[in-house]
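Please read them with the structure open.

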Amino acid sequence: MAEKIVIQPVTRIEGHARISIYLGDDGAVEAAQFHVIEFRGFEKLCEGRPFHEMPGLMSRICGICPVSHILASSKAGDMLLGVEIPPAAERQRRLMNYAQVLQSHALSFFHLSAPDLLLGMDAEPARRNIFGLIDAEPELARRGIRLRQFGQRIIEVLGGKRIHPSWGVPGGVTKVLARAERDELLGWIEEARQSLNIALERMKSLLDGFQQEIQSLGNFPSLFLGTVNEEGEAEYYDGRIRIVDSEGNIVADGLDPRRYHTYLGEASEEWSFMKFPYYKPLGYPGGMYRVGPLARLNVVRAMGTPLADRELREFRQRNGAARNESFYYHLARLIEMLHAVERIEELLLDPEILGDHVRVNAGQNRFEAVGSCEAPRGTLFHHYQVDEGGLMKRANLLIATSQNNLAMNRAVEQAAQRFVTPGRLTEGMLNRVEAAIRCYDPCLSCSTHALGLMPLEIELRDRAGRLLDRLRR
Amino acid sequence: MSVKTLTIDGKMVTGMAGETIFNAAWEAGIRIPRLCHVGGVSDVGACRLCLVEIEGQKKLLAACLTPVEEGMVVHTNTERLRAHRRLILELLFAERNHVCSVCVMNGQCELQDLAAEAGLDHVRLRYQFPKLGVDTSHERFGLDHNRCVLCTRCIRVCDEVEGAHTWDVSGRGARSVIIADMGEPWGQSESCTSCGKCVQVCPTGALFSKGRGVGEMRKDRRFLKYIVTAREKHQWIR
Amino acid sequence: MDSLTKKPRLATVWLGGCSGCHMSFLDLDERLFELHRRAEICASPFTDYKDFPEVDITLVEGAVTTAEQLEEIRHVRRRTKILVSFGDCAVTGNVTAMRNFFSVDDVLDRAYRETATQIVGIPSGNPAVPRLLDRVRPVHEVVKVDYFLQGCAPSAEEIYRLLMDLLDGRTPALAGRKFGS
Amino acid sequence: MTVEELFELHSEEQARLRRLENRIYCCTAAGCVSCGAEGLRSAIAAAIKAEGLEGRVEVCGSGCLGLCSKGPLVRSAADGALYGELPPEEGALLVRPNPIDRQRLAAKRLDTNAPFFARQLKIVLANSGQVDPERLADYIAAGGYQALAKAVTEMTPQEVIEEIKRSGLRGRGGAGYPTGLKWELVARQPSPVKYVVCNADEGDPGAFMDRSVLEGDPHRVLEGMAIAGYAVGAQQGYIYVRGEYGLAIQRLQTAIKQAEREKLLGNRVFETGFQFRVDLRIGAGAFVCGEETALIASIEGKRGQPRQRPPYPPESGLWEKPTLINNVETFANVPPIITEGGDWFASIGTETSKGTKVFALAGKIAHTGLIEVPMGTTLRTIVFEIGGGVPGGKFKAAQTGGPSGGCIPEQFLDVPVDYESLTNIGSMMGSGGLIVMDESSDMVDVARFFMEFCMDESCGKCIPCRAGTVQMHDILSRLTRGEGTAEDIRLLEELGALLRETSLCGLGQTAPNPVMSTLRYFRHEYEAKLASGGRQ
């Protein structure tokens with residue numbers, strides 16, 4: 001008879017999920033599953049709507065990274081129109097994407113993960129959150145909050161609204177950036193750079209204390225996928241896909257994101273609403289790959305900006321070829337934020353961004369399109385088919401977080417095997433299992449948390465899955 | 001022409017004989033809510049939002065259809081009327097699929113504004129979720145039945161101002177839909193002159209210009225007055 | 001009231017929605033410090049309370065989409081003094097309810113049968129995933145709601161004003177807000 | 001035809017009928033036709049031929065004989081006997097009955113002294129079953145067109161109107177507006193062109209009063225309209241009849257042709273200067289077209305949708321001309337009022353409701369059928385005496401006024417049936433449908449049924465009716481499924497008030513009535529259905 005431990009909900013991640021840990025007859029952890037239990041059905045509910053509404057509609061997939069969906073959707077729209085967007089619009093879209101990376105990573109690091117990192121994995125649960133951090137380290141908390149605020153402010157200035165701005169459209173963007181707005185945003189740069197230096201130094205000083213976690217929270221070989229520019233540098237808006245292995249060897253390069261379906265597949269399992277993407281040539285589940293901050297640092301030759309590249313070199317020196325530890329997602333996120341701030345400054349200083357031609361008007365010229373970009377959590381694909389009237393017939397959405405699904409399951413299993421000992425369920429131990437998930441900063445509203453009625457539940461199930469007994473703590 | 005003096009919401013108001021209570025009130029700065037009324041075309045009294053109480057009258061009357069009378073005492077904003085208006089708006093929101101957040105008219109929509117003015121913060125009635133289509137067969141415009149409130153402004157402006165009578169209503173009750181000609185796709189209508197007047201008078205996102213994203217649709221609210229003034233007074237002023 | 005801090009207890013719940021309303025809550029930015037002084041933020045996706053305690057105010061984001069959420073919101077309602085529908089999905093169903101134009105099977109077919117390249121199973125019927133309700137419903141259709149905060153997402157300003165009104169014991173001034181704003 | 005010729009024909013035809021050994025009247029109203037009346041009539045005709053009795057015995061069709069539950073019905077003029085449920089072969093026996101036949105027939109003979117017949121008073125239906133609706137001579141023999149003759153030759157239009165006013169006649173279409181006042185309003189309009197419209201768009205479920213009058217006595221309606229035309233100064237009349245009433249349409253067409261040929265309608269009525277033509281307009285069965293402004297729109301060839309009143313049709317109706325609209329039963333009351341005088345009519349009925357009212361009895365009642373009783377007759381008399389009571393069950397409620405009416409509970413059985421009394425207890429006279437319910441009836445489901453009817457029949461123009469009926473139906477459906485909440489009942493009441501006060505026309509304004517009256521008298525049935533779980 002197998003025993004099952006259910007942690008529900010998984011908190012401080014952006015979405016609805018629960019974890020099941022299966023104990024074998026000997027009481028050792030046999031398997032673990034990360035269940036995504038939220039489902040909204042965007043691939044269907046968009047059916048029959050005009051594709052021009054898609055950036056606005058698809059933005060509602062996720063309130064954390066609405067900008068990423070707006071961008072992927074707008075790019076798919078550009079392709080349906082068959083147009084190149086004006087330079088000012090492209091600059092604005094890039095700026096908004098970096099703003100999105102900045103605010104989302106700030107949220108992940110300061111609001112959600114920093115309590116574990118700074119207060120400790122075994123801290124009192126009631127204090128292990130952003131408000132506990134405010135009490136313990138008000139200055140750092142304030143800096144974190146303001147970093148996110150900077151990202152959100154850029155979005156607000158460009159789009160008129162922080163959450164779900166109506167801004168990106170097929171053919172460009174809707175609003176011209178005013179000089180005064182640009183100047184206001186430039187005023188934030190110095191503080192942001194300082195805050196990131198402080199956070200990076202703090203994070204690096206903490207690493208020694210987390211050796212156990214580094215080694216056991218999702219440390220396994222896998223492929224990594226991300227987009228790069230022609231020089232192999234980090235490219236978040238319009239790059240080509242590069243895939244590297246756990247040793248850093250390039251497996252595939254120069255892949256066109258619009259042909260994603262030729263090399264990326266998606267599996268569905270009955271125990272999770274989130275699908276399981278895999279690299280087709282290696283099959284399922286062997287084609288497991290990771291995306292997002294750590295993956296991007298693993299695929300690029302360089303970030304392409306001086307401060308971030310200095311950090312990247314230090315990261316690679318310190319860790320050598322050790323790129324497989326999921327715990328490093330946190331550090332990678334800080335390096336990406338620094339890169340984002342550098343790029344934001346560059347873009348704001350580019351006079352082109354103030355251009356007043358921000359949109360191309362054209363009729364529909366195609367019936368199928370794929371829009372893609374690097375979202376904070378990884379590469380995002382929107383694939384649309386429309387009819388002659390421009391109404392959506394089908395959509396397939398390959399979401400960044402879902403591409404880490406196989407890896408997250410592997411990470412949970414590894415953490416459970418290391419930290420869950422039968423007969424002794426401690427809060428800190430379970431928190432580590434959750435922390436394994438939190439490394440990936442999964443945005444589950446995207447792919448599909450229920451604040452649970454059941455704090456921790458152990459379910460006993462027989463081989464047929466029938467519930468035999470249930471214990472609640 | 002004789003002038004009538006009446007009281008609206010305690011304010012002395014004058015109106016020309018034959019003028020409606022609605023117009024007399026608006027000219028005096030008293031804004032009676034409306035959805036089916038649009039200045040420049042005939043009135044049908046269908047939305048029932050402009051119903052007013054007239055002292056000595058048992059029935060509530062549509063201000064857009066009731067001429068002013070000497071000595072009339074009119075109340076436009078009583079608790080009873082406000083309650084009725086809120087419920088009418090609830091009925092409209094529940095009837096079709098008004099997903100304001102992702103509508104091309106988000107922020108510019110008369111229905112959305114009416115709800116805000118009425119203090120409507122939720123709909124107690126069950127949303128019906130009818131499965132309705134979008135007609136994008138016209139080269140420049142689209143018709144989204146999900147957002148149609150059946151005010152028939154489009155029908156009247158097309159018939160009375162443009163003179164094409166492309167639009168009409170087909171079906172009855174909750175199954176009523178706006179149709180072009182005899183029900184063919186808009187793009188195949190032989191009577192439509194593609195003038196776009198219907199789009200401009202539509203209070204919601206039901207009629208829209210193609211290629212507009214969420215919250216991007218703007219409508220010219222004054223063009224109709226311009227045409228009507230030009231036609232009646234031969235004055236081309238905007 | 002929290003017996004230790006004597007501060008009113010505030011919770012936030014996330015049902016079927018995009019988390020945008022919660023993100024807008026975080027857009028309080030440095031006002032989070034003030035909120036932290038004024039209220040004990042207990043159960044929330046930002047915290048580690050896994051059981052839902054007795055609270056004074058709960059903000060509910062999202063529509064009710066699964067049988068589990070239906071149970072959850074009833075549980076939350078029993079333990080909450082003031083329940084606020086937080087954002088358009090909770091208030092109207094919003095985009096989340098757009099799946100009501102289709103049957104649950106059609107929606108699942110598109111998401112899995114038609115778009116997966118390898119089908120090991122379909123997440124429907126397995127006890128590990130909740131049963132999807134036939135109809136996505138706004139929160140007040142299933143439990144009594146005390147206040148409604150419209151918007152997609154409501155702005156941080158609106159959230160701040162609402163919370164301060166409630167924490168000061170005033171009836172929140174909600175007039176003039178728009179659906180979809 | 002001159003007035004003299006009319007009276008001549010009247011005498012001749014009466015004499016001819018007296019010379020016949022027998023005249024057998026087969027009810028050929030739609031109800032009896034549906035249970036074999038045509039076969040019966042053919043069998044009788046064949047028997048007459050076989051017996052060689054042509055010219056001595058006649059068989060003819062007739063209007064409704066009343067006791068529809070016993071159809072097909074046959075009346076034998078020779079002995080005044082009424083037979084029910086006659087198979088064709090037994091009908092043939094009526095032609096020349098021998099004593100054995102008489103015994104067989106006796107078993108089928110209905111007791112015309114029974115309360116069903118004895119408690120009725122027939123004015124509108126006076127000719128129904130007494131004349132062949134397809135023969136003008138029959139109508140004239142029964143005194144037909146004498147009222148029109150009197151009006152156009154002996155009375156001024158104002159005198160006609162005074163007579164109608166004196167009679168106290170009120171509109172039989174539902175609302176009960178005083179007919180004389182309406183006529184006067186139209187007459188006062190200075191317009192040279194005016195119209196008279198007969199509303200024959202009877203649409204209440206279970207109601208067939210107007211259809212019976214049109215099928216059984218079409219000339220009476222034409223005569224009533226012509227008198228009205230004379231009184232108000234109109235030269236053109238329209239009958240708006242629903243397309244489903246095929247037999248009524250056919251008989252009206254025949255009657256119009258006959259009357260025109262005899263100059264009872266047309267350019268020179270009774271060879272006077274009065275001219276009046278009547279045309280038929282066939283409706284497509286939309287319930288809302290019974291609403292006068294929608295009916296007008298439909299006759300004009302537009303979408304059948306109502307508009308705001310005022311202006312009322314007497315001021316601005318058909319093609320914006322002054323228009324008098326009355327329903328079939330109202331017009332049918334006119335000829336006897338002119339012949340017998342307004343005072344005679346006013347002597348029947350109650351203080352405020354004069355004359356008689358035709359009701360279609362349906363539901364859980366022994367004798368279903370068409371009845372006519374003096375205004376003020378109690379429901380108890382109608383249900384338990386005339387209607388024969390509730391078979392095998394206990395009376396629970398009576399629904400009057402169709403989808404616009406209400407359910408009247410047992411405690412009001414002794415309330416006199418008149419306009420005001422019914423309105424006071426939350427129902428209405430309506431056009432005359434009367435459905436009896438016993439203990440097995442679920443009142444929430446009854447309310448749901450009528451709401452479904454109104455929802456389907458809403459024209460869709462105004463929001464309260466179009467969307468409100470849908471929501472009320474939705475709530476009632478939830479309640480019947482046991483999924484409703486106390487909040488739902490509150491919403492139902494709120495919606496009811498909204499529809500009543502804000503709907504554009506009578507359909508929407510009265511649509512909540514069945515719900516409101518059942519909520520008033522049978523609230524416990526609603527509350528018993530509330531969901532035990534869920535939100536309350």
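Predicted model: local features only at pLDDT ≥ 70, side-chain atom pairs only at ≥ 80, totals over all residues.

1. Residues are numbered from 1 along each chain as its sequence is written, chains are lettered from A and ligands numbered from 1 in the order in which they are written, and side-chain values use heavy atoms, with hydrogens and water left out.

2. Of the five pairs of chains in contact, A and C share the most contacts, where contact means heavy atoms within 4.5 Å. On this criterion, 83 residues of chain A are in contact with 68 residues of chain C. Chains A and D, by contrast, do not touch, and their nearest C-alpha atoms are 18 Å apart.

3. Chains A and C bury about 6,500 Å² between them, with 58% of it on carbon and sulfur atoms; buried area is the accessible area (1.4 Å probe) that two parts lose on being put together, summed over both. Between these chains the count is seven salt bridges, each a side-chain nitrogen of Lys or Arg within 4 Å of a carboxyl oxygen of Asp or Glu. A:Arg148 forms a salt bridge with C:Asp27, in which the closest N and O atoms are 2.8 Å apart.

4. On the side of chain A that touches chain C, the largest share, eight residues, comes from H6(A); helices (H or I, at least four residues) and strands (E, at least two) are DSSP runs, numbered from the N terminus. By class, that side of chain A divides into 35 nonpolar, 20 polar and 28 charged residues, with Ala, Val, Leu, Ile, Met, Phe, Trp, Tyr, Cys and Pro counted as nonpolar, Asp, Glu, Lys and Arg as charged, and the others, Gly among them, as polar.

5. For chains B and A, 15 residues of chain B are in contact with 14 residues of chain A, and the two chains bury about 1,100 Å², 50% of it on carbon and sulfur atoms. In chain B, the residues that lose the most area to chain A are B:Val102, B:Val214 and B:Glu216, together 37% of what that side buries. The rule finds three salt bridges across this interface of chain B and chain A; A:Glu53 forms a salt bridge with B:Arg147, with 2.8 Å between the closest N and O atoms. The side of chain B that touches chain A has five nonpolar, five polar and five charged residues.

6. Within chain D, how do the axes of H10(D) and H12(D) cross? The axes of H10 (residues 179–188) and H12 (residues 218–232) come within 8 Å and cross at roughly 50 degrees, the axes being lines fitted to C-alpha atoms, for helices over the stretch in contact, and angles running from 0 to 180 degrees between N-to-C directions. H10(D) and H12(D) are therefore oblique to each other, since angles under 35 degrees count as roughly parallel, over 145 as roughly antiparallel, 65 to 115 as roughly perpendicular and the rest as oblique. D:Trp183, D:Val186 and D:Ala187 in H10(D) meet residues of H12(D) including D:Ile227 and D:Ala231, and the residues of this contact divide into seven nonpolar, one polar and no charged.

7. The axes of H12(D) and H15(D) (residues 328–340) come within 7 Å and cross at roughly 75 degrees, and these two helices are therefore roughly perpendicular to each other. The residues of H12(D) that meet H15(D) include D:Arg220 and D:Glu223, and those of H15(D) include D:Phe331 and D:Pro335. The residues of the contact of H12(D) with H15(D) divide into eleven nonpolar, one polar and two charged.
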